[in-house]
Amino acid sequence: MREQQEASGDALMTRIGQAIMLLHGGDREEARNRFGALWAEIGEDADPLHRCTLAHYMADTQDDPGDELAWDLRALSAADGLSEQRPARHQEALAVRAFYPSLHLNLAADYVKLQRPEAARVHLDRARAATDALGDDGYGNGVRAAIDRLERGLRAE
């Protein structure tokens, strides 16, 4: 395990990735526990990439929409603290601008859950405006499709 972490160049991102795998595997509670422990370990002043990633996924483990919103706001705040160079050290093709469509989409969805459609529209507009940073690939197309779905849902209300 240690050799694998050293090979990744970022042991904390490896640990975050392991918790993400738990989340995607359906074990939300264990993922939430691990994300919480990692958050307590790194603190509020840690590397913005770590904070953004942790908060982004921690939001997905929340049962309460208000808690989910709080974590998504932390993720956005951390992304605002990132430089263009930091994410590139972790993954060559990653650009800070590519974080924003998903971050704003998540915030829009949070506000929909909280029955705050005007706030949802603000973040949905920001998500759509930021999609030029997304690639023409599965991830980018998936985010664009999710924006379209949420937009249709808001119009139906």
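An axis here is a line fitted to C-alpha atoms, for helices over the stretch in contact, and angles run from 0 to 180 degrees between N-to-C directions. Helices are DSSP runs of H or I, at least four residues, and strands are E runs of at least two, numbered from the N terminus.

A word on the source. This is a predicted model, where local features need pLDDT of at least 70, side-chain atom pairs count only at pLDDT 80 or more, and totals for chains, interfaces and linings use all residues. Residues are numbered from 1 along each chain as its sequence is written, and side-chain values use heavy atoms, with hydrogens and water left out.

Back to the pair. The cut-offs: under 35 degrees is roughly parallel, over 145 roughly antiparallel, 65 to 115 roughly perpendicular, and the rest oblique. The crossing of H2 and H3 is left-handed. That term applies if the near helix is turned anticlockwise from the far one by less than a right angle; clockwise is right-handed.

Which residues meet? From H2, we have Leu12, Arg15, Ile16, Ala19, Ile20, Leu22 and Leu23. From H3, they are Arg28, Glu30, Ala31, Arg34, Phe35, Leu38, Glu41 and Ile42. By class, that contact has 10 nonpolar, no polar and 5 charged residues. Nonpolar covers Ala, Val, Leu, Ile, Met, Phe, Trp, Tyr, Cys and Pro; charged covers Asp, Glu, Lys and Arg; the others, Gly among them, are polar.

Take Arg34, in helix H3. At 38% relative accessibility, Arg34 counts as partly exposed. Buried means under 20% relative accessible area, exposed over 50%, and partly exposed in between, with a 1.4 Å probe and protein chains only. Not counting residues up to four places away in sequence, Arg34 touches Ala19 and Leu22. Contact means heavy atoms within 4.5 Å. Arg34 and Leu54 are 20 residues apart along the chain, and their C-alpha atoms are separated by 9.9 Å.

Now the whole chain. The protein has 9 helices and 0 strands. Of its 157 residues, 43% count as buried. It exposes about 8,600 Å², and carbon and sulfur atoms supply 48% of that. Those areas come from the Shrake-Rupley method with a 1.4 Å probe; for residues, only the protein chains shown count as cover. Among contacts between residues at least 6 apart in sequence, 55% join residues at least 24 apart.

Buried or exposed? At 0% relative accessibility, Ala55 counts as buried. Beyond its neighbours within four places in sequence, Ala55 is in contact with Trp39, Trp71, Arg74 and Ala75. Gly36 is 19 residues from Ala55 in sequence and 9.4 Å away in space, C-alpha to C-alpha.

Helix H7, residues 100–113, packs with H8 at about 165 degrees, their axes 8 Å apart. H7 and H8 are therefore roughly antiparallel. Their crossing is left-handed. H7 gives Pro101, His104, Leu105, Leu107, Ala108, Tyr111 and Val112; H8 gives Ala119, Ala120, His123, Leu124, Arg126 and Ala127. The count is 10 nonpolar, 2 polar and 1 charged.

In the loop between H7 and H8 sits Gln115. Its phi is positive, about 55 degrees, although Gln115 is not a glycine. Gln115 is exposed, with a relative accessible area of 70%.

Next, H8 with H9. The axes of H8, residues 117–129, and H9, residues 138–156, come within 11 Å and cross at roughly 150 degrees. H8 and H9 are therefore also roughly antiparallel, and the crossing is left-handed. Pro117, Ala120, Arg121, Leu124, Ala127 and Arg128 of H8 make the contact with Ile147, Asp148, Leu150, Glu151 and Leu154 of H9. Those residues divide into 7 nonpolar, no polar and 4 charged.

What does Ala108 touch, leaving aside its neighbours within four places in sequence? Ala108 is in contact with Ala120, His123, Leu124 and Leu150. Ala108 lies in H7 and is buried, at 0% relative accessible area. Leu150 is 42 residues away from Ala108 in sequence, yet 8.2 Å away in space, C-alpha to C-alpha.
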